[in-house]
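Here are my notes on this structure, point by point. Please keep the viewer open and look for each element as it comes up.

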Amino acid sequence: MPTFQLKINGETHTIEAEENTPLLWVLRDQIDLVGTKYGCGIGQCGACTVHVDGEATRSCLQTVSVLAGKEITTIEGLSEYGTHPVQEAWKAVDVPQCGYCQSGQIMTASAFLNENANPSKSEIRDAMHGNICRCASYNSIEKAVEVAASKLS
Amino acid sequence: MQTSKTIKFSRRSFLQTSSLASGGMLIGFNLFTACKADIKPPEDLSLLNYNDFNAFIKISNEGKVTIFAPNPEIGQGVKTSMPMLIAEELDVAWKDVHVVQGALDNENFSRQVAGGSQSLRHGWLPLRQTGATARQMLINAAAAQWGVLPSECSTKEGLISNASGETLGYGDVVVAAATLPVPEDVELKDQKAFNIIGKDISNVDIDEIITGKSLFGLDYKREGMQYVSVLRPPAFGQVLESFDDSATRAIAGVNDVIKFGNKIAVLATNTWTAMQGKNALKAVWNQDTKAESTAFHDETLLGLLDGNSFETLRKDGDVKKAFADADQVLERTYESPFMPHNCMEPMNFFANVTTDKIELVGPIQTPAWTSTRVAELLGRDESEVSLQMTRMGGGFGRRLYGDFALEAAEVSHLAKSPVKVIFSREDDMTDGIYRPAIKYRIAAAIKDGKLTGYHLKEAAINGNMYGLIPNFFPAGAIENYQVDVANYKSNITTGAWRAPFTNVLASFEQSFFDELAQVMGVDRIQLHLDLLQKVKGTTDERIQYSPERLEGVIKMAVEKSGWGKSSEGIYQGFAVYYCHNTHVAEVADIIMDNGIPVVKKVTCVVDCGVVVNPLGAKNQVVGGVIDGIGHSMYGELTFKDGKPESNNYNTYQLIRMGQTPQVEVHFVDSDMDPTGLGEPTLPPIGGAVANAIYAATGKRLTKQPYMKNLDVEKVIG
């Protein structure tokens with residue numbers, strides 16, 4: 001079985017996997033980073049969102065073979081103590097209901113705000129549209145992104 | 001039912017242990033939870049069997065308080081709100097409380113269930129009683145130590161004081177308190193004295209959730225655990241004839257392939273490999289029972305509605321005569337499809353079956369029932385089964401059924417290894433236990449400008465409505481009233497789906513009343529208020545709803561939504577409903593965007609009695625509303641030749657942020673005992689939306705999903 005070097009949250013991991021293995025499952029099963037979630041496996045729900053070189057990426061669609069030399073950030077690496085402004089905003093607004101989709105929501109929001117620190121309401125809605133929340137905490141997610149944006153700008 | 005302040009308990013009602021090995025006191029008190037809405041606690045709580053109730057408080061010698069949350073957490077917030085009730089009466093500061101998910105405990109927690117929006121309703125008095133009794137025992141211990149009367153002592157946030165100003169912390173007296181007799185007749189706080197209940201309290205797991213800690217069933221790991229992907233019949237009614245697993249076994253990392261019943265388990269070293277292994281299986285299936293399609297379901301259900309073989313669930317007066325005598329009859333047929341639950345976390349469960357014990361870990365709404373079934377399945381004693389509940393990535397009723405736990409247990413037993421069964425999204429959407437497809441025929445008889453008859457007929461796949469629902473509105477308001485049900489037994493499995501039995505009925509009923517008002521030439525709101533007026537003071541004990549409380553939410557919704565005064569281009573639709581003990585009224589504001597209706601805002605008024613945690617409560621209200629909009633507008637699972645025609649989100653639409661309205665929530669100010677919120681705001685919203693779409697387009701929607709049955713091209717405006 002081939003081996004791959006993956007740089008995740010600043011640390012290099014050597015893992016053994018078939019080359020078509022999605023990053024999502026390597027993170028969860030081999031590296032024990034279970035914060036990144038499985039929702040659909042086809043890039044439709046956003047629960048698996050991580051950052052690859054700072055860009056929000058669906059880890060269920062990224063195979064390990066294409067990630068050499070890239071900087072991968074997962075929810076666990078977004079901040080050391082959960083104090084990224086997006087995480088703080090999520091706390092202030094008390095966003096989660098079941099909580100399962102929220103890692104993906106936070107990763108999408110943080111990448112988005114990095115590009116656009118002062119978004120309009122409709123820009124926020126467009127940016128977050130790719131992340132499904134089955135509990136429908138959407139109003140709170142929207143509010144939290146606004147709160148985070150106000151802290152960042 | 002007003003909150004009673006003093007409750008009598010027998011001594012036996014407390015299971016009390018003396019000091020724990022690690023120090024401190026553990027107080028057990030049984031908590032009754034039920035998933036059926038028709039179970040009511042009696043007015044006199046001393047009549048209850050206290051072996052059914054349980055809650056734990058652990059107080060260490062240092063005064064640290066651990067409160068065990070008894071019920072499964074599916075996102076409805078009970079892991080936060082139930083401990084709040086205990087902490088309030090115990091009189092500790094919330095910041096000093098550590099909440100731990102209680103495990104299934106067959107002796108003390110005998111009915112831990114998440115379902116029916118009943119957790120707070122049933123826990124309200126018993127949990128407060130637990131806290132209050134513990135507090136009294138701590139006071140009694142301190143008083144004994146000081147040589148004063150307990151009545152001369154008071155508490156404040158974990159500190160006991162006497163008249164002389166001396167203080168002792170709870171931790172200082174907890175060991176002594178544990179040996180004291182359990183007091184009876186402990187008084188509960190007056191609501192005005194609440195410090196925790198009624199305050200915004202954050203989700204107790206928020207820190208773990210936002211930093212991606214291991215919380216959910218899918219996250220759970222055990223050394224030596226094998227990952228299992230199961231091949232199940234691709235169509236309902238099929239049986240496994242034969243299979244070829246050679247390609248599967250050739251995959252590196254696949255450890256074994258085990259047939260069990262009508263299914264095949266692939267065991268592997270990780271999830272991806274297990275899934276690949278399952279996909280490489282070549283199986284031959286025989287169609288054993290009928291391969292059903294949606295066309296067949298539609299024809300069958302319409303045939304039932306047209307026919308005469310109904311079971312009558314409620315009959316008041318003579319609807320036949322009322323319809324024969326009517327000046328005018330309004331009759332409509334409403335249709336709704338099958339619906340998968342689509343919990344964001346797919347089904348999964350861990351099991352480790354060994355010769356001396358069975359360990360179960362995972363997301364489950366019915367831990368006790370599931371443990372019993374696992375023991376039965378394996379021919380083992382229930383005392384050998386332990387079940388640890390993980391947090392759940394949504395339940396919505398799907399995780400009541402425990403089928404996934406049974407699979408894990410069986411595979412673990414056969415493989416003699418700890419295993420975790422993981423459903424892919426495709427497995428999850430095609431495995432069944434759906435909300436059934438249901439059709440309604442609703443008819444009203446009008447004579448001399450009055451509503452004289454109402455006949456509700458339901459035709460469902462496998463069955464839906466049960467005894468209590470026919471006693472909801474408009475029962476009691478119309479003299480000649482009848483509810484009939486018929487069903488077709490299918491091989492497609494069905495089950496409870498958030499606000500079961502009412503989640504579709506409410507929308508259609510509210511659409512019907514909207515049209516009825518129009519046909520009768522009366523104001524929509526006034527029609528409801530007039531009907532409710534007739535029910536006030538009723539002696540019919542079967543009536544489930546409160547006409548006064550429905551009236552209350554209607555009036556508040558009219559006021560808060562600006563009903564009848566919306567700006568140009570905004571069309572409003574109204575709905576009001578009682579279910580799961582809670583009264584709700586909703587107004588949907590929509591606009592038409594190039595002929596497509598877009599819900600911009602919903603005003604939701606809720607009467608749920610005391611709002612225990614306003615922050616959590618609002619989440620549930622908003623979540624229910626948006627969930628209801630999404631599924632009534634977009635949700636549909638169709639079948640062809642026994643196979644579900646959609647199995648993932650590329651072909652199935654769940655509501656997303658871009659389609660979400662802003663939901664404005666208003667709680668009726670009340671000191672009545674709390675009722676649930678996990679479900680009640682969902683059922684009526686589809687009706688409010690359909691009524692708003694009528695206001696905008698002149699078209700009555702009678703078939704869900706609404707967006708598919710809108711005839712967009714024919715829309716006006």
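Predicted model: local features only at pLDDT ≥ 70, side-chain atom pairs only at ≥ 80, totals over all residues.

1. Domains of chain A. Where they meet, domain 1 of chain A puts in 15 residues and domain 2 of chain A puts in 13 residues.

2. The domain 1 side of that contact. Which strands of chain A each supply at least two residues here? They are strand 3 (49–52) and strand 4 (55–58) of chain A. Strand 3 of chain A gives the most, with three residues. Sorted by class, this side of domain 1 of chain A, the one that touches domain 2 of chain A, holds six nonpolar, seven polar and two charged residues.

3. The fold of chain A. Count the elements: chain A has five helices and five strands. Read from the N terminus, their order is β-β-α-β-β-β-α-α-α-α. The radius of gyration of chain A is 15 Å, close to the 15 Å that the globule rule gives for 153 residues, so chain A is as compact as a globular protein of that length. Along the principal axes, the C-alpha atoms of chain A fill a box of roughly 45 × 30 × 25 Å.

4. Burial and contacts in chain A. Of the 153 residues of chain A, 59% count as buried. Now take the contacts in chain A between residues at least 6 apart in sequence. Of these, 60% join residues at least 24 apart.

5. Where chain A meets chain B. Here 47 residues of chain A are in contact with 48 residues of chain B. Which elements of chain A give two or more residues to the side that touches chain B? They are helix 1 (23–30), helix 2 (85–93), helix 3 (102–115), helix 4 (121–128) and helix 5 (138–152) of chain A. Helix 5 of chain A has the largest share of that side, with five residues. By class, the side of chain A that touches chain B has 22 nonpolar, 17 polar and eight charged residues.

6. The largest nonpolar core. In soluble globular proteins, nonpolar side chains tend to be buried together. The largest nonpolar core in this model has 237 residues. Those with the most contacts inside it are Leu138(B), Val228(B), Leu360(B), Ala405(B), Ala408(B) and Val689(B). Helix 2 (residues 119–146) of chain B gives the most to this core, with nine residues.

7. A closer look at Ala408(B). What does Ala408(B) contact, leaving aside its neighbours within four places in sequence? The partners are Phe349(B), Phe350(B), Ala351(B), Val419(B), Lys420(B) and Val421(B).

8. A hairpin in chain B. Strand 26 (residues 582–593) and strand 27 (residues 596–607) of chain B run antiparallel, joined by 11 bridges. His583(B) stands opposite Asp607(B) of strand 27 of chain B. The hairpin has two residues between the strands, and Asn594(B) takes a positive phi near 55° there.

9. The other pairing of strand 27. Strand 27 of chain B also pairs with strand 30 (residues 662–667) of chain B. Are these two strands parallel or antiparallel? They run parallel, and six bridges join them. Find Val606(B): its bridge partner in strand 30 of chain B is Phe667(B).

Methods:
Residues numbered from 1 in each chain as written. Chains lettered and ligands numbered in written order. Helix = DSSP H or I, 4+ residues; strand = E, 2+ residues; numbered from the N terminus. Rg over C-alpha atoms; globule rule 2.2 N^0.38 Å. Buried ≥ 20, exposed ≤ 12 C-beta atoms within 10 Å, placed from the backbone. Contact = placed C-beta atoms within 7 Å. Core = buried A, V, L, I, M, F, W, Y, C linked by C-beta atoms within 7 Å. Nonpolar A, V, L, I, M, F, W, Y, C, P; charged D, E, K, R; others polar. Pairing = 2+ DSSP bridges.
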